[in-house]
Amino acid sequence: MLKTSSQHSQSIHSVSKVHFAILIIAIIVAGISQGMLLPVLAIFLEKMGVSSTLNGLNAAVLYIGSFGMTLVAERLLGILGFKKLMLGGLLLVLITLPLFPLYPSIIFWFVLRLLVGVGDSAVHYSAQLWVLMMTPSEHRGRNLSIYGMSYGIGFSIGPLGIKLLDWGVYAPFLLLAALFLIVVILVIWKLPHGTPEKTATDEPAQRRFTKSYSWAWYALIPAFLYGYMEAAMNSNFPVYGLRVGFSTGDIAFLLPFIGIGGLILQLPLGILSDRYGRKKMLMICGGLGGLLFLFVPMAETNMIAIAAIFALAGGLIGSFFSLGLAYAADMLPKVYLPAANVLASFHFNAGSIIGPALGGKGIEMGSPASLFWVLGGCYMIFAATGFIFKEKSK
């Protein structure tokens, strides 16, 4: 449960659905932010003649900022609480977004992407942990799937920002800033102040992290794989697409299918994980999703085939972060959840940093298909690793 300020302590349960709805809106907008910035800026840099490796590294900076935030997230949450930490992240992104089109420079965008990464990470960490700690175990898969599905909605809408460039380079950035402003107002107006539970012991933070990792390492790997897939697809696929013969319009059309598949299957997979077990669902989704990614190069420039593969693979993989976090929560004591959430965010950001850099290097070395060979192989290896992981009781 959350510790709330006095003016909210009486009403937090009666309006918890309102709180949940605002958290969902916040994560949708955060998803739009990441889903739009990565492909739009990747296209800008490709047209500026920047190499695919440098393009991928520039995209990875967003996740370096996010990674840095995870190092202090648990401590900041204890000091500021959920609401203030989320507001700080929202305001940082809101201020940064309109600055992108002012000066199209790799160095300037490096700094701006770093700041957006810090802000997005603060929003994600506070929102997902808030949902995780408010949800009873029997509904954890469902609620976290709704949370993840909401991010998928935003992530799917994001690439459509490419089409807003027809209205000028400022259009997508100003519209996104306006959405963040709306969320800021909702958070200030409706969300209560709250902090996570404190452990009853004086156990050092390092020990909590070590125990969380040793008990639930397999449940934390999906966050890495999801971050790898998300960042690589949004940063490297536009470059891959342009080099194999797709237009920018084709790319804008295809990318949302990954998120669309996630929207369709994420909630059913979450409910199935509540019933049949999260490990089983993660293994099935990882194996099938990885196999589908291997088929992408075979489809060449067949729009229908690639759209279908993206929808199916995205549907299976789209629930990886939320299912992995729910699986970790099943195995860990509640007071360890903030530490597990930090580790999941750490893995997500590590995957997000490695994905664009590795994918960009593979494309530059003359093997565009390597983007999907590595991606598919990683998911299939994860599925096979599930056979050696043994759960421990709380």
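Leaving aside neighbours within four places in sequence, Ala60 is in contact with Ser352, Ile353 and Pro356, where contact means heavy atoms within 4.5 Å. The model that shows this is predicted: local features need pLDDT of at least 70, side-chain atom pairs count only at pLDDT 80 or more, and totals for chains, interfaces and linings use all residues. Residues are numbered from 1 along each chain as its sequence is written, and side-chain values use heavy atoms, with hydrogens and water left out.

Ala60 sits in helix H2, residues 52-96; helices (H or I, at least four residues) and strands (E, at least two) are DSSP runs, numbered from the N terminus. Ala60 counts as buried because its relative accessibility is 3%. Buried means under 20% relative accessible area, exposed over 50%, and partly exposed in between, with a 1.4 Å probe and protein chains only. Ala60 and Ala232 are 172 residues apart in sequence, and their C-alpha atoms are 9.3 Å apart in space.

Ser150 belongs to helix H4, residues 140-157. With 4% relative accessibility, Ser150 also counts as buried. Beyond its neighbours within four places in sequence, Ser150 is in contact with Ile24, Ile27 and Ile28. A polar atom of the Ser150 side chain lies 2.7 Å from the backbone oxygen of Ile146.

Leu99, Leu102, Tyr103, Val169, Tyr170 and Leu174 make a nonpolar surface patch of about 570 Å². Patches are made of residues with over 30% relative accessible area and no salt bridge; like charges are joined within 9 Å, and nonpolar side chains (Val, Leu, Ile, Met, Phe, Trp, Tyr) within 5 Å. A salt bridge is a side-chain nitrogen of Lys or Arg within 4 Å of a carboxyl oxygen of Asp or Glu. Tyr170 lies in the loop between helix H5 (161-164) and helix H6 (171-190). Tyr170 counts as partly exposed because its relative accessibility is 40%.

Glu300 is found in the loop between helix H10 (278-299) and helix H11 (303-317). Glu300 is exposed, since its relative accessible area is 57%. The phi of Glu300 is near 55°, a positive value in a residue other than glycine. Most residues other than glycine have a negative phi.

Last comes confidence. The protein chain has a mean pLDDT of 82, and 92% of its residues reach 70 or more; pLDDT is the predictor's confidence in each residue, from 0 to 100. Over residues 1-15 pLDDT stays under 50, and for these residues the model has 23 contacts beyond four places in sequence.

Note on methods: Accessible areas come from the Shrake-Rupley method with a 1.4 Å probe; for residues, only the protein chains shown count as cover. A polar contact is a pair of N or O atoms within 3.5 Å; within protein, one must be able to donate a hydrogen and the other to accept it, and residues adjacent in sequence count only if both atoms are side-chain atoms.
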